[in-house]
Amino acid sequence: MFVDVVNYEDENAAEKFVKSLHNSGFGVLTHHPIKQSLVNRIYEQWYAFFQSQEKNDFAFSVEKQDGYFAPEISETAKGHTKKDIKEYYHVYPWGRIPDSLKDDILEYYALASELAAELLDWVEKYSPPEIAQKYSEPLSNMIKDTPNTLLRVLHYPPLTGDEEPGAIRAAAHEDINLLTILPAANEPGLQVQQKDDTWVDVPADFGTLIINIGDMLQEASGGYFPSTSHRVINPSGEEAMKSRISLPLFLHPRSEVVLSERHTQHSYLMERLKELGVKP
Ligand SMILES: O=C(O)CCC(=O)C(=O)O
Ligand SMILES: [Fe+2]
């Protein structure tokens, strides 16, 4: 299979997992340490938040990029003209978070960041030596005490039939960051582009964790780890009436971390945010 499903507790989990990341840009983990009960609670609480008007009190800050991004202003993927059909909230530990939602979401942020550091150690260990020598510092060190890692709570609303023709929940894109950690969403739809340009569903049984490479790790590894295009397609029939919630954690190095000869985290991020139209 293009994307491998790996048992986190297996003896050779690290090697298998990193191989999948190299081959497809994606890897899926079962039996991982993130509690599903916590993820479920977050899905329920934030679904209620997106249904409420309270979200409008947390409109995002252009400068800091924390808070609520309404459907009217949410992203247009690079190279696309139609807006994605989604709304989302950017959680940073230093940013604004509704009081009643703070405890669970910050617990998740900390747990997932901790797991991410371990997964970056796996990536480092199974990078070929000529690739590993490109890393300006150990990969897990790049995210140590970083203020930049972003937890995005996404809500894809039920489809009404009035959507702009051709618009989908998340148009094909690559992630900007180092690595993304994504618990399987409560509804299907996530697809990844294969080398022959065809699209396949990412294995996303409820309870699994999906990990993918972002542009910054592609940049730091000289392309050894590919930042693969992925998208979220629109459901049809009964499924179209349902909301979909997802929770990607985008791991970002500290701003001054050197990714390559061309870029630091900061210079890379600014270039990409301008392209997305969310930063002037
Ligand atoms: O909602 C999903 O399953 C994926 C979202 C995603 O790819 C993104 O926000 O970058
Ligand atoms: Fe993505």
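**Entry 1: helices and strands**
I counted 7 helices and 13 strands in the protein chain. Both are DSSP runs numbered from the N terminus, helices being H or I with at least four residues and strands E with at least two. The radius of gyration is 18 Å, close to the 19 Å of the globule rule for 280 residues, so the chain is as compact as a globular protein of that length. I noted that this radius is taken over C-alpha atoms, and that the rule is 2.2 Å times the number of residues to the power 0.38. The C-alpha trace spans about 50 × 40 × 35 Å along its principal axes.

**Entry 2: source**
The model is predicted; local features need pLDDT of at least 70, side-chain atom pairs count only at pLDDT 80 or more, and totals for chains, interfaces and linings use all residues. Residues are numbered from 1 along each chain as its sequence is written, while chains are lettered from A and ligands numbered from 1 in the order in which they are written.

**Entry 3: α1 and α3**
I looked up helix α1 (residues 13-24) against α3: their axes come within 9 Å and cross at roughly 80°. Axes are lines fitted to C-alpha atoms, for helices over the stretch in contact, with angles from 0 to 180 degrees between N-to-C directions. The two helices are therefore roughly perpendicular (65 to 115 degrees; under 35 is roughly parallel, over 145 roughly antiparallel, the rest oblique). A14, F17, V18 and L21 of α1 make the contact with W122, V123 and K125 of α3 (C-beta atoms, placed from the backbone, within 7 Å).

**Entry 4: α2 and α3**
The axes of α2 (residues 36-51) and α3 (residues 102-125) come within 10 Å and cross at roughly 135°. That makes α2 oblique to α3. On the α2 side I found L38, R41, I42 and Q45 in the contact, and on the α3 side D104, I105, E107 and Y108.

**Entry 5: ligand 1**
Around ligand 1 I listed R152, L154, A170, D175, L182, A185, L190, H230, V232, S246 and P248 (C-beta atom, placed from the backbone, within 6 Å). The elements giving two or more residues to this shell are β5 (150-156) and β11 (230-232).

Conventions:
Two residues are in contact if their C-beta atoms, placed from the backbone, lie within 7 Å.
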